[in-house]
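Here is my note on the model. Please read it with the structure open.

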Amino acid sequence: MTTTIDKGTAPGALTHLDALEAESVHIFREVAGEFEKPVILFSGGKDSIVMLHLARKAFWPAQVPFALLHVDTGHNFPEVIEYRDNVVAEHHLRLHVANVQEFIDNGRLRERPDGTRNPLQTVPLLEAIESHRFDAVFGGGRRDEEKARAKERVFSLRDEFGAWDPRRQRPELWQLYNGRHRVGEHVRVFPISNWTELDVWQYIEREKIALPRIYFSHEREVFERNGMWLSPGEWGGPRADEAVVRRVVRYRTVGDMSCTGAVDSPAATVADVIAEIAVSRLTERGATRADDKMSEAAMEDRKREGYF
């Protein structure tokens, strides 16, 4: 006769959020012990915010031993930039900013006809990694976001050009991560790879983590393009034939204003958002990111080039 234990009620059992948190904290500490100069990619989006919260927990009460790196497209949401700067000041963090606009101004990048700058982030990102000699780069990618991310390792080796080669990725058994790399190479690290969008929001609720207000329902000027509600701005929208209207919306993901769509939503609190996405049949990127719809393999192509 066998005896079963209810994991939810067994003494000392971890909740699923406890288990995810413990895994992520372990990854941060593993990187701190294995690499010389790691950096955290921080966009001001919910995933990078949760990632920073986990890093602070991993080393508390000491300071986070990593700097932050933000690739600023110049078309970011003002609310997100304000949030980023407040977090950096509040926690006395070091912030490096790689500006896409500077690369356009000096002729190293060319503005795209559609005004979208998300695909232009790769070159400034790779140059920042090389110039600062970062050897480990934390990213907030999760496997449930998109198919190119679904097959990604927690430790993802990049060559001296920042490119991803599937033939050089290492197996990851149990929680054994291989950070070996040659001079000039670096490793992308995804500490919340095994989290889902719902996990992230439940953790935000449990830990009472503050977010930029655009994640919650608010009335906003938007216009429709390719089935998405985009915000007007200096990036080039709307066109003459695109009417601006006011709608009650929120954002499920945060990227460049030119490619990040809002969704109609009355969700004004974290609990409201959790209830909303629990019944959603669309992934956050599938619903709101034009840059993922450029082609069937858009994210895979950018991963190979070194974007994420």
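In which loop is the place of N226?

1. **N226 and its loop.** N226 sits in the loop between β7 (218-225) and β8 (228-230). Helices (H or I, at least four residues) and strands (E, at least two) are DSSP runs, numbered from the N terminus. N226 is not a glycine, yet its phi is positive, at about 55°. Most residues other than glycine have a negative phi, and most peptide bonds are trans. N226 counts as exposed, at 73% relative accessibility. Here buried means under 20% relative accessible area, exposed over 50%, and partly exposed in between (1.4 Å probe, protein chains only).

2. **Ground rules.** This is a predicted model: local features need pLDDT of at least 70, side-chain atom pairs count only at pLDDT 80 or more, and totals for chains, interfaces and linings use all residues. Residues are numbered from 1 along each chain as its sequence is written, and side-chain values use heavy atoms, with hydrogens and water left out.

3. H92 lies in the loop between α3 (78-90) and β3 (95-99). H92 is exposed, with a relative accessible area of 62%. The peptide bond from W60 to P61 is cis, with omega near 5°. P61 is placed in the loop between α2 and β2 (67-72).

4. **The annotated region.** An unreviewed UniProt entry carries the annotation "domain: Phosphoadenosine phosphosulphate reductase" for residues 38-261. UniProt positions are given in the numbering used here, feature names are shortened, and annotations may be inferred rather than shown by experiment. Over residues 38-261 the chain is 26% helix and 19% strand. The end C-alpha atoms of that stretch are 32 Å apart.

5. **Helix α1.** This helix covers residues 16-34, 19 residues in total. From first C-alpha to last it reaches 27 Å, close to the 27 Å expected at 1.5 Å a residue. The expected span is 1.5 Å times one less than the number of residues. Its buried residues are L17, L20, E21, E23, S24, V25, I27, F28 and V31. An α-helix has 3.6 residues a turn, so residues three or four places apart point the same way. What covers the buried residues of α1 includes β1 (38-41), α2 (46-59), β4 (136-138), β5 (155-158), β6 (186-189) and α7 (197-207).

6. **M51 in helix α2.** M51 lies in α2. At 0% relative accessibility, M51 counts as buried. M51 touches F28, I40, L41, F138, G139, G140 and P191, not counting residues up to four places away in sequence. Contact means heavy atoms within 4.5 Å. M51 and G139 are 88 residues apart in sequence, but 8.2 Å apart in space, C-alpha to C-alpha.

7. **D159.** Is D159 buried or exposed? D159 is buried, with a relative accessible area of 19%. D159 is in the loop between β5 and β6. Its side chain reaches the backbone nitrogen of F161 at 2.8 Å. The backbone nitrogen of A163 lies 2.9 Å from a polar atom of the D159 side chain. A polar contact is a pair of N or O atoms within 3.5 Å; within protein, one must be able to donate a hydrogen and the other to accept it, and residues adjacent in sequence count only if both atoms are side-chain atoms. Leaving aside neighbours within four places in sequence, D159 is in contact with R168, G184 and E185.

8. **H186 in strand β6.** H186 is placed in β6. H186 is buried, with a relative accessible area of 3%. Its side chain makes a polar contact with the side chain of R188 (2.8 Å). Beyond four places in sequence, the residues that H186 touches include I129, F134, D135 and V137.

9. **The largest pocket.** It holds about 470 Å³ of space. Of the 20 residues that line it, the closest to its centre are I129, R133, F134, G184 and E185. Helix α5 (residues 122-132) gives the most to this lining, with five residues. A pocket is an open set of points on a 1 Å grid over the protein atoms alone, where a 1.4 Å probe fits, with protein on both sides within 12 Å along at least five of seven lines; lining residues have an atom within 4 Å of a point. Grid points are joined across faces, edges and corners, and a volume is the space filled by probe spheres set on the points.
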